Amino acid sequence: MDRIISLFLVIALASLAQSKSKLVERTDENGVEWVGPVRRCQKGNDAILDVCTRYAVKDLTPLVGDGIDEIGLRPLDPYIAKKFIYDKSLGPVNITILAKDIKISQLTKYNFIKFKLDSKKRTMHFNYEVPHVRLHAMYKLGGNVFFFPLSGAGPAQIEVFNLKVEGRIMYTKTVNEDNEEIAQVTKTTFDKFTIQDMNLSIRDLLPGYPLFSTAVHSFGKAYASQVFDIIKPEIAEACEDVITNELLNPSLVQFPHLTEYITDQ
């Protein structure tokens, strides 16, 4: 019995050691230093770090679609989200939309236009665009417009064209449970969030009212940007939370050396 207990202890300790394992550091033939799959930037002013950050993002772009297990980055193409809720009451209009089993494709086909670091304010400014994004989900709609009831449930597909985002990532350094300093994102903010066009395909919308359902589809196609603007605050908030808490912070804990670049305030 003691041997069995000892064996389980050895397995548990081995698993713990593996979970705490550090990323491999190396230097390639061009003299570039790497920490796992990420290049290590040399210390310098903000302009030098901006250039290095651009290269680092370019290095990671082919990898992020499938996710990078060693740094805790989940797959981004497709990106799977559990649910999104939109619940608004504007005078005589009351709408509740629940989207679940959300699958978003082509997010990694992005073009970064700008990276600018402001080390004094611990802020990274960014500006990027995605030419084409596809979204599949199961939806449930409820509510009313004046006295007309809204209802529907089924599959939905949305295509977004020329998505542009301009925003800021605020960061700091903190201490983890092992009393080690780590970098941490405190907030992601979208200052501008726009699209050029959007196509909607929603099945089983307003069953029993085929003419009204067709009218809603036509309205959504003709006024895609306006429809997007209505729900944009909720979408932006959800995206900001995903970037901060699901993408960046789980990965940053793997790179304690990043605190070297965070100046004391």
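The model is predicted; local features need pLDDT of at least 70, side-chain atom pairs count only at pLDDT 80 or more, and totals for chains, interfaces and linings use all residues. Residues are numbered from 1 along each chain as its sequence is written, and side-chain values use heavy atoms, with hydrogens and water left out.

The pLDDT is the predictor's confidence in each residue, from 0 to 100. Its average over the chain is 82. A score of at least 70 is reached by 91% of the residues. Helices (H or I, at least four residues) and strands (E, at least two) are DSSP runs, numbered from the N terminus. Among the elements of the chain, strand 9 (residues 181-194) has the highest mean pLDDT, 93. Helix 1 (residues 2-19) has the lowest, 38. Over residues 1-20 the pLDDT is below 50. Beyond near neighbours in sequence, this stretch has two contacts in the model, a contact being heavy atoms within 4.5 Å.

One disulfide (a pair of cysteine sulfur atoms within 2.5 Å) was found in a search of the whole structure. It links Cys41 and Cys52, with an S to S distance of 1.9 Å. Cys41 lies in the loop between strand 3 (38-39) and helix 2 (46-64), and Cys52 in helix 2, so the pair ties together parts that are eleven residues apart in sequence. The torsion about the S-S bond of Cys41 and Cys52 is about -95 degrees; the disulfide is therefore left-handed. Both Cys41 and Cys52 are buried. Buried means under 20% relative accessible area, exposed over 50%, and partly exposed in between (1.4 Å probe, protein chains only). Cys239 is partly exposed, at 28% relative accessible area.

An open sheet is formed by three strands in the order 1-2-3, with antiparallel pairing. Two strands pair if DSSP finds at least two bridges between them. Strand 1 (25-27) and strand 3 stand at the edges, each with a single partner strand, so one side of each lacks a neighbour in the sheet. Strand 2 (residues 33-35) and strand 3 run antiparallel and are joined by two bridges. Val35 stands opposite Val38 in strand 3.

Leu117 belongs to strand 6 (residues 111-118). Leu117 is buried, with a relative accessible area of 12%. Not counting residues up to four places away in sequence, Leu117 touches Asp46, Leu49, Asp50, Thr123, Met124 and Tyr171. Thr259 is 142 residues from Leu117 along the chain, and their C-alpha atoms are separated by 15 Å.
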